[in-house]
Amino acid sequence: MSTEETVFTKIIKREIPADIVYEDDISIAFLDINPVSKGHILLVTKDPHPWMTDIPDELIAKTFIKAKEIMVVMKGAIGCDYVQLTITGTDVPHFHIHLIPRYFDDLLLSWPKTSYGSDMEKSEYISKIKRSL
């Protein structure tokens, strides 16, 4: 668990304002101040773990179950076609999930594409990952 105070810990402590849409004993959800689309929510664990890999399995499982519940609610309440989940981790060192309302015709750009230089390079990536699993 991180001891570094972040903007999210300040929101959890109510030291700075946020447009909170949900809260329980392990997480809090509020509107993103720089939304990708209207209704963009951040679901934040109350325990300030910097990376997803730092979070105990039980907590991460409960957080993703809550994300799924919020996604269903968002689709019904907002009328979006689907909700995109994104986990970046570099903007605030406190684990959070972006829940972004999306529409099939919204023209929001996706990630840039890349390609492998060769089948050999691709095989190297496959081998590294498989060996580590």
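User: Which residues line the second largest pocket?

Analyst: This is a predicted model, and the second largest pocket in it holds about 150 Å³ of space. A residue counts as lining if it has an atom within 4 Å of a pocket point. The residues that line the second largest pocket are Val21, Tyr22, Leu31, Gly39, Ile41, Lys66, Glu69, Ile70, Val73, Met74, Ala77 and Ile78.

User: Which element gives the most to the lining of the second largest pocket?

Analyst: Two elements give two or more residues to the lining of the second largest pocket, namely strand E1 (20–23) and helix H2 (57–78). By class, the lining of this pocket divides into 9 nonpolar, 1 polar and 2 charged residues. The element that gives the most, with 7 residues, is H2.

User: How much space lies in the largest pocket, and which residues are the closest to its centre?

Analyst: The space in the largest pocket comes to about 240 Å³. Of the 17 residues that line the largest pocket, those closest to its centre are Val7, Phe8, Phe30, Ile33 and Leu42.

User: What is the division by class in the lining of the largest pocket, and which element gives the most to it?

Analyst: Sorted by class, the lining of the largest pocket has 11 nonpolar, 3 polar and 3 charged residues. Helix H1 (7–12), strand E2 (27–31) and strand E5 (96–102) each supply at least two residues of that lining. The element that gives the most, with 3 residues, is H1.

User: In what sense do E1 and E2 pair, and which residue in E2 is the bridge partner of isoleucine 20?

Analyst: E1 and E2 form a hairpin, with 3 residues between them. Over 3 bridges, the two strands pair in the antiparallel sense. In E2, the bridge partner of isoleucine 20 is phenylalanine 30.

User: Is serine 27 buried or exposed?

Analyst: Serine 27 lies in strand E2, and, not counting residues up to four places away in sequence, it touches Tyr22, Leu43, Val44, Thr45, Lys46 and Lys66. Buried means a relative accessible area under 20%. Because serine 27 has a relative accessible area of 1%, the answer is buried.

Definitions and conventions:
Residues numbered from 1 in each chain as written. Predicted model: local features only at pLDDT ≥ 70, side-chain atom pairs only at ≥ 80, totals over all residues. Heavy atoms only, no water. 1 Å grid on protein atoms, 1.4 Å probe; cavity = no way out; pocket = protein on both sides within 12 Å on 5 of 7 lines; lining within 4 Å. Points joined across faces, edges and corners; volume = space filled by probe spheres on them. Helix = DSSP H or I, 4+ residues; strand = E, 2+ residues; numbered from the N terminus. Nonpolar A, V, L, I, M, F, W, Y, C, P; charged D, E, K, R; others polar. Buried < 20%, exposed > 50% of the residue type's maximum accessible area, 1.4 Å probe, protein only. Contact = heavy atoms within 4.5 Å. Pairing = 2+ DSSP bridges.
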